[in-house]
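The following note concerns side-chain packing and charge pairing. Please read the points beside the coordinates.

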Amino acid sequence: MGVADQIADLREDGLKAIQHNFMTAKLESLVNWSRARSLWPAQFGLACCAIEMMATGAAHYDLARYGMEVFRASPRQADLMIVAGRVSQKMAPVLRQIYDQMMEPKWVISMGVCASSGGMFNNYAIVQGVDQVVPVDVYAPGCPPGPETLMHAIFTLHHEILSGELLARRAESPSGGAGIAVQQIDGQTATATIRRRHD
């Protein structure tokens with residue numbers, strides 16, 4: 001295989017065209033590490049889940065520790081969309097437009113039962129699952145999910161990006177998203193919220 005053929009393969013397939021050796025394996029690991037450690041979320045809070053998303057970025061939970069300094073106001077500066085709350089039929093095209101304007105590779109977290117399945121709003125005005133509009137990589141359950149659950153979803157996304165499994169799962173999925181559901185870990189249950197005392 002000549003040099004011209006190798007360059008053509010690189011243009012088509014990217015890093016996959018390079019035969020893996022010590023140097024390229026380390027380069028791919030470095031790329032995945034930098035992608036996972038520098039996620040910049042887009043502002044897309046739609047309902048009560050947005051309050052919990054804001055709390056996750058505030059001082060007590062401090063997403064800045066994980067390279068997520070600020071929620072970006074421009075989709076062209078963001079690579080993570082956290083859909084927090086119910087999506088109305090009128091908002092769906094706006095959500096899709098913002099998703100299309102985000103830089104590649106981009107990721108989506110569906111936060112809360114309303115974004116994931118329509119929740120209690122089983123009617124014509126609410127999209128019954130944001131995966132009908134954009135491909136979802138991680139689902140964070142709850143009504144609303146607390147900051148701990150959102151951070152669990154973000155850490156799951158970090159792990160999947162680092163391992164390289166996320167892109168493989170996306171390629172196999174008919175919806176285009178990885179579709180990973182995480183466990184709710186913020187102390188809420190279906191019947192009650194467990195209040196914890198912070199001293």
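1. With which residue does D100 form a salt bridge, and how far apart are the closest N and O atoms? The partner of D100 is R96, at 3.1 Å; a salt bridge here is a side-chain nitrogen of Lys or Arg within 4 Å of a carboxyl oxygen of Asp or Glu. Both residues belong to helix α4 (residues 92–101) and are four residues apart, about one turn of the helix; helices (H or I, at least four residues) and strands (E, at least two) are DSSP runs numbered from the N terminus.

2. This is a predicted model, in which local features need pLDDT of at least 70 and side-chain atom pairs count only at pLDDT 80 or more, while totals for chains, interfaces and linings use all residues. Residues are numbered from 1 along each chain as its sequence is written, and side-chain values use heavy atoms, with hydrogens and water left out.

3. The count of salt bridges is two. E104 and K106 form a salt bridge at 3.6 Å, N to O. E104 is exposed at 61% relative accessibility, whereas K106 is buried at 6% (buried is under 20% relative accessible area, exposed over 50%, partly exposed in between; 1.4 Å probe, protein chains only). D100, at 45%, is partly exposed, as is R96 at 32%.
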